[in-house]
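This report describes selected features of one protein model. Please view the sequence and structure below before reading on.

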Amino acid sequence: MRPVTATAAAVTAALAAGAASVAAGRYASDAALKAPPGRPLPTEPMLTVHSTAAGRVVLTRALASQRPGTYGLAGDGTHAVVGPVLNHATHSADTVVRRLERVTHGTLEPRDKVWLTPNVHVGDPGSALGLDHLDTEIPGELGALPAWFVPGARTTWVITVHGLGATREHPLNVLPFLHRQRFPVLNLAYRGDPGAPRPQDGLGHLGETEWRDLDAAIRHALRHGAEHVVLYGWSTGATMALRAATHSALRDRVSGLVLDSPVLSWETTLRALATARRTPGALLPLAVRAAQGRTGLHGGPDGPAAHAADPARLPVPALILHGPADTIAPWGPSRRLAARRPDLVTLHQVPDAPHGAMWNADPATYEETLRRFLTPLM
């Protein structure tokens with residue numbers, strides 16, 4: 001091959017390899033930046049329904065299907081609620097029997113593909129829980145944000161905000177508890193959610209821009225009778241809560257934070273989701289760089305997530321509910337935050353619970369921990 005031709009071929013190959021790497025990085029970053037609301041995250045395995053009987057469902061044996069607690073069981077057009085594993089029920093070596101609490105809609109048939117979800121309820125507070133509520137809209141930066149408001153007698157409101165792969169149905173798990181404590185609850189849908197404005201780039205920003213929608217919800221609550229608010233977030237919703245508590249112009253009216261499975265390092269979470277998509281380890285740095293380029297996110301000790309989780313910046317009491325089984329938002333940063341601010345942070349460890357499902361693993365203990373934290377803030 002002539003030298004000029006060989007050089008041109010090498011340059012072409014290098015450009016092609018570079019373009020392929022960029023494309024691979026973008027695809028890997030999509031696992032976090034384009035996580036569809038209400039669909040399983042890449043870390044959640046699909047299970048097969050083997051059979052059902054009165055009060056029982058037989059599922060593929062997997063670590064997920066053996067989790068302790070109560071979960072939603074979702075499929076295309078189907079939602080059910082399953083309780084604990086029935087260890088003494090007869091089953092084959094490759095299956096697990098769980099208590100079938102109810103089928104919310106659709107049917108469960110043999111060979112159906114399903115996944116476990118923290119969402120135990122579907123619908124709104126009225127249809128799912130029988131609670132009086134108002135459908136309201138909050139003026140947000142990008143447009144009107146849908147929200148459910150459940151009235152209560154107290155002047156401290158709780159604003160709930162879901163996280164990755166979830167919708168505002170997720171906070172319905174704790175809504176009956178909060179209602180019994182007489183808190184008004186504002187359950188927010190934010191940019192990118194069904195019925196909410198779509199961000200211009202079509203991407204999620206892992207809470208780093210979405211927090212401004214939570215800021216709008218704080219403003220709405222204060223205009224409508226709240227004297228103080230408690231911000232209660234799951235996953236990237238917890239990131240939003242931390243950001244609002246430290247950056248909102250109304251942060252002096254935030255009296256407490258409840259952080260369930262908080263994402264305190266977006267890079268770590270993005271890498272975990274990309275890995276679950278079978279992204280080779282060598283491409284993970286490309287996924288992080290792609291996310292930075294596409295969203296403007298900044299990582300490391302000077303990034304916004306690091307600032308939000310800086311113990312020195314924490315302004316109010318915080319309850320962190322988290323556990324070592326969370327592979328999406330590892331709980332090491334939660335432990336470090338609690339260890340450095342024992343004056344403000346209460347850490348409740350939940351074993352064997354996946355991301356965003358701390359309540360599901362042990363609802364009674366979770367709610368008692370929540371009650372003790374919220375009582376001084378009432």
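Which residues does Glu 44 touch, not counting residues up to four places away in sequence?

## Surroundings of Glu 44

The model is predicted. In it, Glu 44 touches Ala 64, Arg 67, Trp 115 and Leu 116, with residues up to four places away in sequence not counted. With Arg 67 there is also a polar contact, side chain to side chain, at 3.0 Å.

Glu 44 belongs to the loop that lies between helix H1 (3-33) and strand S1 (47-53). Its relative accessibility is 15%, so Glu 44 counts as buried, the cut-off being under 20%.

## The eight-stranded sheet

An open sheet with mixed pairing is formed by eight strands, in the order S7-S8-S10-S9-S11-S12-S13-S14. The edges are strand S7 (134-139) and strand S14 (345-349); each has a single partner strand, so one side of each lacks a neighbour in the sheet. On average, neighbouring strands of this sheet are turned by 20° against each other, direction ignored.

Within the sheet, strand S8 (residues 144-150) and strand S10 (residues 185-188) run antiparallel and are joined by four bridges. Opposite Phe 149 stands Leu 186 in S10.

## Helices across the sheet

Helix H9 (residues 332-340) lies across strand S13 (318-322) and S14, and runs at about 140° to S14.

Helix H11 (residues 363-374) lies across strand S11 (228-234), strand S12 (254-260), S13 and S14. The angle of helix H11 to S13 is about 170°.

Note on methods
Residues numbered from 1 in each chain as written. Predicted model: local features only at pLDDT ≥ 70, side-chain atom pairs only at ≥ 80, totals over all residues. Heavy atoms only, no water. Pairing = 2+ DSSP bridges. Helix = DSSP H or I, 4+ residues; strand = E, 2+ residues; numbered from the N terminus. Axes fitted to C-alpha atoms, helices over the stretch in contact; angles between N-to-C directions. Contact = heavy atoms within 4.5 Å. Buried < 20%, exposed > 50% of the residue type's maximum accessible area, 1.4 Å probe, protein only. Polar contact = N/O pair within 3.5 Å; in protein donor to acceptor, adjacent residues only side chain to side chain.
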